[in-house]
Amino acid sequence: MIRVLLVDDQALIRSGFRALLDLEDDIEVVAEAADGEEGLVLIKEQLPDVALIDIQMPVMDGIEATRRVAADPALAGVHVVMLTNYGMDEYVFEALRAGAAGFLVKDIVPEDLLHAVRVAARGDALLAPSITRKLIHRYVAQPPLATSAALEELTSREREAVALAARGLSNDQIADHMVISPMTAKTHINRAMTKLHTRDRAQLVVLAYESGLVAPRNR
């Protein structure tokens, strides 16, 4: 059972998401909160698999709540997915850097919401190639912010796997590209996250672009 916690200051959004999620046999909404501070308390109490958190809220915004979740070792199993009104919200990249596993636009179709919750619960990032490209062009097409020295810890195969992940490829697609098994691809990614001290795949992707391992492509 995937345990979900909703944090949004709009009651209508929470009730709509809850009604949809509670219809699924493998998903359960365990609690709701109207601001980040209340949400953080409930996250610590409930330890959900997935926390859907609005970016802009009173008292404590979603980015600060996410940052605190990511900094707490006791909450390592909580995967935060940010909610935004716009696909290119100015805070999206900051949210990913804070530790979010990805983000969703609030007008998402039901099927995509359910898929996103299941993907996040598995520990995968919600970074479709098209979204990744938009983020790259708006926020990462600038001089590297992170040192490339950190990447020296990686083997050549791990670097290749990280670069492919940064292009939006799944583990299966990385495996096909590198002519290895999906399990080996997953191992490369997991080892890279450990060596680079990234919380999840989303932060690994951000670091890949910030460090210059992957350069934005013009589209």
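I began with helix α5 (residues 110-121), which lies across β1, β2, β3, β4 and β5 and runs at about 125° to β3. Contact here means heavy atoms within 4.5 Å, and axes are lines fitted to C-alpha atoms, for helices over the stretch in contact, with angles from 0 to 180 degrees between N-to-C directions. Helices (H or I, at least four residues) and strands (E, at least two) are DSSP runs, numbered from the N terminus.

I noted that this is a predicted model, in which local features need pLDDT of at least 70 and side-chain atom pairs count only at pLDDT 80 or more, while totals for chains, interfaces and linings use all residues. Residues are numbered from 1 along each chain as its sequence is written, and side-chain values use heavy atoms, with hydrogens and water left out.

**The sheet**

I then looked up the strand order, and found an open sheet of 5 strands, β2-β1-β3-β4-β5, with parallel pairing; two strands pair if DSSP finds at least two bridges between them. β2 and β5 (102-105) are the edge strands, each pairing on one side only, and the twist from one strand to the next averages 25°. Helix α2 also packs on the sheet, where α2 touches β1, β2 and β3 and its direction makes about 140° with that of β2.

**Strand β3**

I followed β3 on both of its sides: β1 and β3 pair in the parallel sense over 4 bridges, with Val-4 opposite Val-50 in β3, and β3 and β4 pair in the parallel sense over 5 bridges, with Ile-53 opposite Met-82 in β4. Met-82 also has a bridge partner in β5, namely Phe-103, and β4 and β5 run parallel, joined by 4 bridges.

I checked burial next, where buried means under 20% relative accessible area, exposed over 50%, and partly exposed in between (1.4 Å probe, protein chains only). In β3, 5 of its 5 residues are buried, with Val-50, Leu-52 and Asp-54 on one side and Ala-51 and Ile-53 on the other. β3, α3 and β4 make a right-handed β-α-β unit; right-handed means that, with the strands pointing away from the viewer, the path from the first strand over the helix to the second runs clockwise.

**The cores**

I looked for nonpolar cores, each a set of buried Ala, Val, Leu, Ile, Met, Phe, Trp, Tyr and Cys residues joined through side-chain atoms within 4.5 Å. The largest has 27 residues, and those with the most contacts inside it are Leu-5, Ile-43, Ile-53, Val-69, Val-78, Val-80 and Met-82. Among the elements that each supply at least two residues of this core are β1 (2-7), α2 (36-46), α3 (62-71) and α10 (201-210). Apart from it lies another core, of 22 residues, including Leu-151, Ala-166, Ala-175 and Ala-185. In helix α7 (residues 156-166), I found Glu-158, Ala-161, Val-162, Leu-164, Ala-165 and Ala-166 buried, and Gly-168, which follows α7, has a positive phi near 95°.

Leu-47, in the loop between α2 and β3, has a positive phi near 50°, and Leu-47 is partly exposed, with a relative accessible area of 44%. Val-179, in the loop between α8 (171-178) and α9 (182-196), has a positive phi near 55°, and Val-179 is exposed at 71% relative accessible area.
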